[in-house]
Amino acid sequence: MSRLMRPPFIDPTTGVAYDTDKGDFEGYLTKQSMWLRDWRRRFFILKGSRLFFAKTPYEAPHGMIDLSRCTTVKSADLKAHKKHSFEISTPETTYLLYADDEKSKDDWIGSVGRAIVRCSSTYVSRGQTQGVGNGANNAINEEEDSDDYSNSSNNPYFND
């Protein structure tokens, strides 16, 4: 049985097409619109460091939040005046969303939070030697650095 593929998101500013099929985490959330401030139910697709949203699971997404620019994802029930709500913040914009229930809210916060951490400049996965910055290898060599944190009497970091 063949499965329908979701059309890509086309960035209106750059014209770049982003594959949105087979997302890492997907589901419905209700998002506050940017201009009218009314609440609209949308289908969200988390794929890598991007969170796309569309009217339905089968339509091309009409919006994208670049999680590499995000600073926080956190609960926002009081700010949004809605149960099960959370916010995703960038330096320019704060997106308010709410889920259908508390478990779904927690799942979304966890998934978005992990995506933000994965694309942050300080994240290094297990077995990975790439570190901070533009692909430069800045990972700490444990053998070189191990003496700095030893528990010897000559080490200024420890007070015995």
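**A tour from pocket to core**

Start with strand S6, residues 63-66: its 4 residues are the largest share of the lining of the largest pocket. Keep in mind that this is a predicted model.

**Stop 1: the pocket.** Show the largest pocket as a surface; its volume is about 340 Å³. It is lined by 17 residues. Select Gly 63, Met 64, Ile 65, Asp 66 and Tyr 95, the lining residues closest to the pocket centre. Now colour the lining by class: 7 residues are nonpolar, 5 are polar and 5 are charged.

**Stop 2: the whole chain.** Zoom out and switch to cartoon. The protein has 3 helices and 9 strands. Trace the elements from the N terminus: the order is β-β-β-β-β-β-β-α-β-β-α-α. Colour by burial next; of the 160 residues, 34% are buried. The accessible area is about 10600 Å², and carbon and sulfur atoms account for 50% of it. For contacts between residues at least 6 apart in sequence, 34% link residues at least 24 apart.

**Stop 3: the main core.** Nonpolar side chains tend to be buried together in soluble globular proteins. Here, the largest nonpolar core holds 19 residues. Select Leu 51, Ile 65, Leu 67, Phe 86, Ile 88, Trp 108 and Val 112, which have the most contacts inside this core. Two or more core residues come from each of strand S4 (39-47), strand S5 (50-54), S8, strand S9 (94-98) and helix H2 (102-118). H2 is the top contributor, with 5 residues.

**Stop 4: Trp 108.** Centre on Trp 108 and show its surroundings. Leaving out residues up to four places away in sequence, Trp 108 touches Phe 25, Glu 26, Gly 27, Tyr 28, Leu 29, Phe 44, Leu 46, Leu 51 and Phe 86. Then look for a second, separate core of 5 residues, among them Phe 9, Tyr 18, Ile 45 and Phe 52.

**Stop 5: Ile 88.** Move to strand S8, residues 85-89, and pick Ile 88. Ile 88 counts as buried because its relative accessibility is 0%, and buried means under 20%. Beyond its neighbours within four places in sequence, Ile 88 is in contact with Leu 51, Ile 65, Leu 67, Cys 70, Thr 72, Val 73, Thr 93, Thr 94, Tyr 95, Leu 97 and Val 112. Finish with a distance label from Ile 88 to Val 112. Their C-alpha atoms lie 8.5 Å apart, with the residues 24 apart in sequence.

Notes:
Residues numbered from 1 in each chain as written. Predicted model: local features only at pLDDT ≥ 70, side-chain atom pairs only at ≥ 80, totals over all residues. Heavy atoms only, no water. Buried < 20%, exposed > 50% of the residue type's maximum accessible area, 1.4 Å probe, protein only. Contact = heavy atoms within 4.5 Å. 1 Å grid on protein atoms, 1.4 Å probe; cavity = no way out; pocket = protein on both sides within 12 Å on 5 of 7 lines; lining within 4 Å. Points joined across faces, edges and corners; volume = space filled by probe spheres on them. Nonpolar A, V, L, I, M, F, W, Y, C, P; charged D, E, K, R; others polar. Areas by Shrake-Rupley, 256 points an atom, 1.4 Å probe, with all protein chains shown as cover. Core = buried A, V, L, I, M, F, W, Y, C linked by side-chain atoms within 4.5 Å.
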